[in-house]
Amino acid sequence: MTGPEPARTPEVGAAPTGDDDAYRSEAVDDLVARIVAEEVAELRRGFASGAEYAVTRGGSAREQMLHRLECASIESHLDRPSRWTEPHRRRLASDPDYRLPLPNLITRQAARDLPGVRSCRVCWPNPTGGEPRPLRRLSARSLGPQHVGHVLARPDGEPIGTIVRWGARTGADLFGIEHDEIEIVTSTGVETVGPDDHVTIWDLPTDEQAIRRKAQLVQRFAGDDRAAG
């Protein structure tokens, strides 16, 4: 008669028990909380030093990209807790040294000195003041509520004014012939164009959007340290 079999060490590929799941989840949660606290502390140091820009890293140095801090495309990168999704947590469970890329917050002068970094087309960082503006060309009849607050420009990008409102109307030419028009009211005056005429806008976030995102950055990185987690 044989004795009881010795307890077996669970194999790496074996399905974890309920106790294993609880232990692993608690351990990973604690590790993520510590990593996030360190990440937020580093971002806060950059913000406190007067940073206006962020550099995100890709797989190589050539994939670095420069953004304004209030850029919509890096908002999720600055929200560190949300970055640690389930797939990343699983990888961290198997490799405690695993880390997610952290944006580097830098000042305007440091941004000017960056060699060969690409500029984001969403926020147009333009630290040197000489980069071409990202322009968008569309028909006047395509103007919508989302364009209020954008800069109306001439075809070469020279600003005309910020769009306040617009509306369709019927006008008459010098011969008394009526035709449809689009009247665009800007911060500096009124532009009248035909519905099928093309207009040019700066394809950038509006001032209102930028101000709101800057306020969120101040709340996130210049607030009480207890908000870090």
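This is a predicted model: local features need pLDDT of at least 70, side-chain atom pairs count only at pLDDT 80 or more; totals for chains, interfaces and linings use all residues.

Analyst: Leaving aside neighbours within four places in sequence, Leu43 is in contact with Leu78, Arg80, Leu102, Pro103, Leu105 and Phe221.

In soluble globular proteins, nonpolar side chains tend to be buried together.

The whole structure holds 3 aromatic pairs. One of them is formed by Phe47 and Phe221, with 5.9 Å from centre to centre and 45° between the planes, a tilted arrangement. This pair links distant parts of the chain, with Phe47 in helix H1 (residues 18–48) and Phe221 in helix H6 (residues 207–221), 174 residues apart. Both Phe47 and Phe221 are buried.

Another pair is that of Trp84 and Tyr98: the ring centres are 6.1 Å apart and the planes stand at 85°, so the pair is edge-to-face. Here too distant parts of the chain are linked, as Trp84 is in the loop between helix H3 (80–83) and helix H4 (86–94), while Tyr98 is in the loop between H4 and strand S3 (104–106), 14 residues away. Trp84 is buried, at a relative accessible area of 3%, and Tyr98 also counts as buried, at 12%.

Helix H1 also takes part in a charged contact. Arg89 forms a salt bridge with Asp29, and the closest N and O atoms are 2.7 Å apart. Arg89 lies in helix H4 and Asp29 in helix H1, so the pair ties together parts that are 60 residues apart in sequence. Arg89 is partly exposed at 21% relative accessibility, and Asp29 is partly exposed at 37%.

In total the structure holds 8 salt bridges. Arg169, Glu181 and Glu183 are linked in a network of them. The side chains of Arg169 and Glu181 meet at 2.8 Å, N to O, with Arg169 in strand S7 and Glu181 in strand S8. Arg169 also meets Glu183 in a salt bridge, at 2.9 Å, and Glu183 is likewise placed in strand S8, 14 residues from Arg169. Glu181 counts as buried at 11% relative accessibility, whereas Glu183 counts as partly exposed at 26%. Arg169 is partly exposed, with a relative accessible area of 39%.

Strand S8 (residues 178–186) runs antiparallel to strand S9 (residues 190–193), and 4 bridges join the two. A hairpin of 3 residues connects S8 to S9, and Val185 stands opposite Val190 in S9.

Strand S3 belongs to an open sheet of 4 strands in the order S3-S1-S2-S4, with mixed pairing. S3 and strand S4 (118–119) are the edge strands, each pairing on one side only. Strand S2 (residues 65–68) runs parallel to S4, and 2 bridges join them. Leu66 has Ser119 in S4 as its bridge partner.

Two further residues share some of their contacts. Thr200 is found in strand S10 (residues 198–202) and is buried, with a relative accessible area of 8%. Beyond four places in sequence, Thr200 touches Leu135, Arg136, Val151, Leu152, Ala153, Arg154 and Pro155. Pro159 lies in strand S7 (residues 159–172) and counts as partly exposed at 36% relative accessibility. With the same exclusion of sequence neighbours, Pro159 touches Arg133, Val151, Leu152, Ala153 and Trp202.

The mean pLDDT is 84, and 82% of the residues reach 70 or more. Over residues 1–20 the pLDDT is below 50, and this stretch has 1 contact beyond near neighbours in sequence. Residues 224–229 also stay under 50, and the model has 7 contacts for them beyond four places in sequence.

Notes. Residues are numbered from 1 along each chain as its sequence is written. Side-chain values use heavy atoms; hydrogens and water are left out. Rings of Phe, Tyr and Trp (its six-membered ring) pair if their centres lie within 6.5 Å; planes under 30 degrees apart count as stacked, over 60 as edge-to-face and the rest as tilted. Buried means under 20% relative accessible area, exposed over 50%, partly exposed in between (1.4 Å probe, protein chains only). Contact means heavy atoms within 4.5 Å. pLDDT is the predictor's confidence in each residue, from 0 to 100. Two strands pair if DSSP finds at least two bridges between them. A salt bridge is a side-chain nitrogen of Lys or Arg within 4 Å of a carboxyl oxygen of Asp or Glu.
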